[in-house]
Amino acid sequence: MLNLKKTAVAVLALGSSAVFAGTMGPVCAPGNVTIPCEKTAWDFGAQALYLQPTYTGDFGYRNHVVTAGVGTVIENVEPKWGWGFQIEGSYHFNTGNDLNLNWYHWNKSTTRAWTSTTGTYTGTNYTFEPKWDAVNFEVGQHIDFSDMKNLRLHAGVEYARIHHNLNVVVTSQNVADSVSYNGFGPRVGADLGYDIGNGFGVFANSAASLLIGTAKQGITGYTGANTALNYSLSRTQMAPELEGKLGVNYNYAMAQGDLGLDVGYMWVNYWNTQTVAITGESHDFALNGIFFGAKWVGNVM
């Protein structure tokens, strides 16, 4: 009997301690981090790009002097928006691995009249045409964080070519200006995805490269009283690059594979790629705008 009473007292004491201490709340368990099952597949995709370039420093402006102290022009280049494309292909293998090759291309010509402090020079204009090409080769790894979140990590190399042609035709001046940069280097990035449901999802992609290459500029023509121009520069230049994409996508399962559609906004910036021969200064080149496209993924049996 004495032992029974002691047991009852101990139970009451433990119960009262639980009342004062409160009960344990819900426990948050971490989700599973997994990689896809082994499979083999190919994919092919294409995107339309509608982009506008921008610049830093003096490269976004052009100066022109008709005569000493008269007719000075400081003109904002203001390149127009233009269409480009991206095409890509991938080979998927093992457990979430892929090899991806993609190519970006964009160019757009802009023609504007010179505007000076003394008015517009009739019949005179400049034509500014930037061109951008980037080829990326990536090795990727797909990782799933639960059924809704996924991540693709990738690393590889990039080759980029940025080229500008500027032609100025004025009564006392006819100048051809060519500026270019060709660079190659390592590239890393991460593609984040979140599945909303019913095939829809959102994504945020980012990548960075460190390019080493050659920056060139050549100026030919004449100015003033048929004064010949002949400037040139060529030097090795390091150029970091950073890019990002935000968008939404839709995936539709088909009998022979999956069809994906996406739309979003992208930003790309290259540092120190536009070199001015006369001053030796380097400026940045950037692109931003809308993209939309489709990708087909077909499983290999």
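The structure is a predicted model, in which local features need pLDDT of at least 70, side-chain atom pairs count only at pLDDT 80 or more, and totals for chains, interfaces and linings use all residues. Residues are numbered from 1 along each chain as its sequence is written, and side-chain values use heavy atoms, with hydrogens and water left out.

Side chains of opposite charge can pair when their charged atoms come close. With a salt bridge taken as a side-chain nitrogen of Lys or Arg within 4 Å of a carboxyl oxygen of Asp or Glu, the count comes to seven. One of them joins Asp98 to Arg152, with 3.0 Å between the closest N and O atoms. This pair connects distant parts of the chain, 54 residues apart: Asp98 sits in strand 6 (residues 97-107) and Arg152 in strand 9 (residues 149-170). Strands here are DSSP runs (E, at least two residues), numbered from the N terminus. Asp98 has a relative accessible area of 4% and is therefore buried; buried means under 20% relative accessible area, exposed over 50%, and partly exposed in between (1.4 Å probe, protein chains only). Arg152 counts as buried too, because its relative accessibility is 15%.

Arg187 takes part in two further pairs. In one, Arg187 bridges to Glu138, the closest N and O atoms being 3.0 Å apart. Here Glu138 belongs to strand 8 (residues 119-145) and Arg187 to strand 10 (residues 173-197), so that distant parts of the chain, 49 residues apart, are linked. Both Glu138 and Arg187 are buried. In the other, Arg187 pairs with Glu243, again with the closest N and O atoms 3.0 Å apart. Because Arg187 lies in strand 10 and Glu243 in strand 12 (residues 227-254), this pair ties together parts that are 56 residues apart in sequence. Glu243 is buried, as is Arg187. A network of salt bridges links Asp98, Glu138, Arg152, Glu158, Arg187, Asp191 and Glu243.

Asn150 is also placed in strand 9. A relative accessible area of 18% is why Asn150 is classed as buried. Leaving aside residues up to four places away in sequence, the contacts of Asn150 (heavy atoms within 4.5 Å) include His142, Phe145, Asp191 and Asp195.

Turning to nonpolar residues, the largest nonpolar core holds 27 residues, of which Leu51, Trp132, Met266, Tyr270 and Phe285 touch the most other members. Such a core is a set of buried Ala, Val, Leu, Ile, Met, Phe, Trp, Tyr and Cys residues joined through side-chain atoms within 4.5 Å. Leu51 touches, among others, Trp81, Trp106, Trp132, Met266, Leu287 and Ile290, with residues up to four places away in sequence not counted.

Strand 10, strand 11 (200-223) and strand 14 each give two or more residues to the patch. Val263 is found in strand 13 and is partly exposed, because its relative accessible area is 38%.

Finally, Glu281 occupies the loop between strand 13 (257-275) and strand 14 (282-299). Its relative accessibility of 37% is why Glu281 counts as partly exposed. The C-alpha atoms of Glu281 and Gly57 are separated by 9.0 Å, although these residues are 224 apart along the chain.

Notes:
Helix = DSSP H or I, 4+ residues; strand = E, 2+ residues; numbered from the N terminus.
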